[in-house]
Amino acid sequence: MKRYYCKRLNETLNFDALKVFYCCATRTGPSIDVPSPKNVSNLIKKRNSLIKMMDRGVIPKECEGCFDLKEQENPKPLLLSFFSKPSKSNLIIVKHFKQCDCSCIYCCEQYLSGRKIVLKPKKSDYYDLLPIIKELYKKDIIDKKELDVHFQGGNVSVLEEFEDLVNIFIKNGVKRIEIATNGIKYLPIIENIVDKTFVDINVSIDSGCRETFKAIKTVDKFDDVVENLKKYSKLPLLLRLKYILVRGVNDNQEEISKYINLMKSIGINNSELMIDQCDSEFIQGNEFKIPDYYYKLFKFYKEECIQNNIEPHVWEYVDKILEKGSFFK
Ligand SMILES: C[S@@+](CC[C@H](N)C(=O)[O-])C[C@H]1O[C@@H](n2cnc3c(N)ncnc32)[C@H](O)[C@@H]1O
Ligand code: SF4
Ligand code: SF4
């Protein structure tokens, strides 16, 4: 009998708007309804039952065909019982809010927010996360020393509880905080935390000039982002830029060259290129065939980055997608 496990399932609590998922944002894996602060233990109970299920050789429906599902090598079955101490979480993903101060034409999150641009910080339309995080710490369900927190969303610049969340993680000795942001608004709290934890700022700019930025992000804020990137680049943190290939807009060598020149001019040396996930929805049967010119673009991107001393990352699954010739099935 084959037995299975998934590293992500063991570690992750991904707080989305309507559900909490047990793996990262790129999967629609197993989930549970958002708990009230009073019953956060249910998060862990459900996860343990999924771990046990896989260990018995049963693959949850949501995990079928997933790259991350692995066969157990340990010959002994796990001894997880109803009474065992719950294993702790070391990856928390914060994306329980969808509001944003721009409206990217490709954004997967905007279907919930109705593409409305929000300029002032406000509460999430779904729930407050701070009381739940407090309860998780109280119940000792978070692996304090190893905790990695990823802020996604929405954009944190318009989330009212953003700074309180950062502060509670810092107070409890978080190991690493990663913030994905559009960079339109500078986040001053970052200056206060860079000497307390490892900070990774990931800015999705998708362009190297004002016109293309505006065509993708739908707001005329390219210059503000460049100014903010210059400020972040002076701080002791990891600063990464991200470029989503949007078909018919920035999917050509000229735009990629402008993006690389921008990185060079600011002194940013870490980049990630990614395929627009929405492309999978454009084709019948939910399958997106990779166009031939994408292979050339990826090669061009890597060569240009290397020439300019920039680390040419691609999103962790892009290589697999290119190999298969299609997006997720
Ligand atoms: C939804 S955003 C939230 C954080 C922040 N507002 C930002 O843009 O970085 C998180 C990440 O998802 C990426 N993303 C959103 N829609 C996508 C899509 N259709 N395909 C690929 N990546 C996408 C964004 O570029 C960003 O890096
Ligand atoms: S196997 Fe895949 S879908 Fe299932 S929990 Fe792991 S990452 Fe998520
Ligand atoms: S900045 Fe982020 S959350 Fe906002 S629309 Fe763009 S990808 Fe979506």
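Guide: Let us begin with helix H4 (residues 130-138), in which Ile-132, Ile-133 and Leu-136 are buried. Please keep in mind throughout that the model is predicted.

Visitor: How are the buried residues of H4 arranged when one looks down its axis?

Guide: They fall within an arc of 100 degrees, so they line one face of the helix. Those buried residues pack against H5. After H4 comes Asp-140, whose phi is positive, near 60 degrees.

Visitor: How do I decide whether a residue is buried or exposed?

Guide: One counts the other C-beta atoms within 10 Å of its own: 20 or more make the residue buried, and 12 or fewer make it exposed. Ile-321, by comparison, has 19 other C-beta atoms within 10 Å and is partly exposed.

Visitor: Where in the chain do Val-156 and Ile-321 lie?

Guide: Val-156 is placed in the loop between E7 and H5, while Ile-321 belongs to helix H11 (residues 318-324).

Visitor: Which residues does Val-156 touch, leaving out those up to four places away in sequence?

Guide: They are Phe-151, Phe-162, Ile-179, Thr-181 and Leu-187. Val-156 and Val-94 are 62 residues apart in sequence, and their C-alpha atoms are 9.5 Å apart. For Ile-321 and Ile-275 the values are 46 residues in sequence and 9.2 Å from C-alpha to C-alpha.

Visitor: Let us turn to strands. Which residues of strand E6 lie on each of its faces?

Guide: In E6 (residues 91-95), Leu-91, Ile-93 and Lys-95 are on one side, Ile-92 and Val-94 are on the other, and all of them are buried. Five of the five residues of E6 are buried, so this strand is largely enclosed by the rest of the structure. Strand E7 (residues 148-151) is likewise covered on both faces, with Asp-148 and His-150 buried on one side and Val-149 and Phe-151 buried on the other.

Visitor: How should I follow the pairing from strand to strand?

Guide: One looks for the bridges, and for the direction in which the partners run. Strand E2 (residues 12-16) pairs with E6 in the parallel sense over five bridges, and Asn-14 stands opposite Ile-93. E6 in turn runs parallel to E7, to which four bridges join it; Ile-92 has Val-149 as its bridge partner there. Four bridges, again in the parallel sense, pair E7 with strand E8 (residues 176-181), where the partner of Phe-151 is Ile-179.

Visitor: What does the chain pass through on its way from E7 to E8, and what is the hand of that crossover?

Guide: The chain passes through helix H5 (residues 162-171), and this β-α-β crossover is right-handed.

Visitor: Which strand does E8 join by six bridges?

Guide: That strand is E9, which runs parallel to E8; Thr-181 stands opposite Val-203 in E9. Five bridges then join E9 to strand E10 (residues 238-245), also in parallel, with Asn-202 opposite Arg-240.

Visitor: How far apart are the centres of domain 1 and domain 2?

Guide: Taken over C-alpha atoms, the two centres are separated by 24 Å. The contact takes 21 residues from domain 1 and 26 residues from domain 2.

Visitor: Which elements give two or more residues to the side of domain 1 that touches domain 2?

Guide: They are helix H6 (189-193) and strand E9 (198-204). E9 supplies the largest share of that side, six residues.

Key
Residues numbered from 1 in each chain as written. Chains lettered and ligands numbered in written order. Predicted model: local features only at pLDDT ≥ 70, side-chain atom pairs only at ≥ 80, totals over all residues. Pairing = 2+ DSSP bridges. Right-handed = clockwise from strand over helix to strand, strands pointing away. Arc of directions from axis to C-beta. Contact = placed C-beta atoms within 7 Å. Domains from an automatic or database assignment.
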